[in-house]
Amino acid sequence: MMGPTTILSLLAVAMVAVDGRFYSKCDLASELVSQHGINRDDAPDWVCMAFAESSLNTAATNTNSGGSSDYGIFQINSYWNCDPQDGRKTKNGCGHPCSDYLNSNIGDDVTCVKQLLREHGGWGFSYGHGAQCSSVTSSYLSGCTY
Ligand SMILES: [Ca+2]
């Protein structure tokens, strides 16, 4: 059942999607493998993580309790991994303005997540992956061609 609160939050997500794009699971898997060098065997983890973090919306933003924000399809964090360009000094580990992680080109987003995977030795940096994807298998993308 979708109550009024659910419908309002869906509208809120839709309104910030103006310059972004909603992927399907299959489209994202296909693009990751064919254009961004992701191993086919790793595609379920990537797509599940993105779905958990953003519902596959490249324009998704969320504010964290500590005051930082998360950006885009992989919810890249403004304190650690991008520059919010609002005067705050941040670590900006991936070296991009956070706004680069809200558009429909996910190439730079993928590059940042690849860097995080190397630095952390796996998906431990992603709350969404830990919560929903730790036992994901290829069946997550059954029916997809990728
Ligand atoms: Ca981007």
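Tutor: Before we look at this predicted model, one term is needed: a residue counts as buried if 20 or more other C-beta atoms lie within 10 Å of its own, and as exposed if 12 or fewer do.

Student: With that term in hand, which residues are buried in helix α2?

Tutor: The general idea comes from the geometry of a helix: an α-helix has 3.6 residues a turn, so residues three or four places apart point the same way. In this structure, α2 runs over residues 25-35, and its buried residues are L28, A29 and L32. These residues lie on the same side of α2, because the arc they cover around the axis is only 100°.

Student: Which residues are exposed on the other side of α2, and what covers the buried ones?

Tutor: S34 and Q35 are exposed on that other side, while the cover over the buried residues includes α3, residues 43-54, and α4, residues 107-120. Just after α2 you will also find G37, which takes a positive phi of about 70°.

Student: How should I read the nonpolar core, and which residues have the most contacts inside the largest one?

Tutor: In soluble globular proteins, nonpolar side chains tend to be buried together. Here the largest nonpolar core has 33 residues, and V47, M49 and A50 are those with the most contacts inside it. Helices α2, α3 and α4 each supply at least two residues of this core, and the largest share, 8 residues, comes from α3. If you take V47 and leave aside its neighbours within four places in sequence, you find it in contact with K25, L28, A29, Y140 and L141.

Student: How many helices and strands does the protein chain have, and what pattern do they follow along the sequence?

Tutor: There are 5 helices and 3 strands in the protein chain, and read along the sequence they give the pattern α-α-α-β-β-β-α-α.

Student: In what order do the strands form their sheet, and is the pairing parallel or antiparallel?

Tutor: As a general idea, strands of a sheet pair through backbone hydrogen bonds, either parallel or antiparallel. In this model the 3 strands form an open sheet in the order β1-β2-β3, with antiparallel pairing. The edges are taken by β1, residues 61-63, and β3, residues 76-77; each has a single partner strand, so one side of each is left without a neighbour in the sheet. Strand β2, residues 69-71, pairs with β3 over 2 bridges, and the bridge partner of D70 in β3 is N77.

Notes
Residues numbered from 1 in each chain as written. Predicted model: local features only at pLDDT ≥ 70, side-chain atom pairs only at ≥ 80, totals over all residues. Helix = DSSP H or I, 4+ residues; strand = E, 2+ residues; numbered from the N terminus. Arc of directions from axis to C-beta. Contact = placed C-beta atoms within 7 Å. Pairing = 2+ DSSP bridges. Core = buried A, V, L, I, M, F, W, Y, C linked by C-beta atoms within 7 Å.
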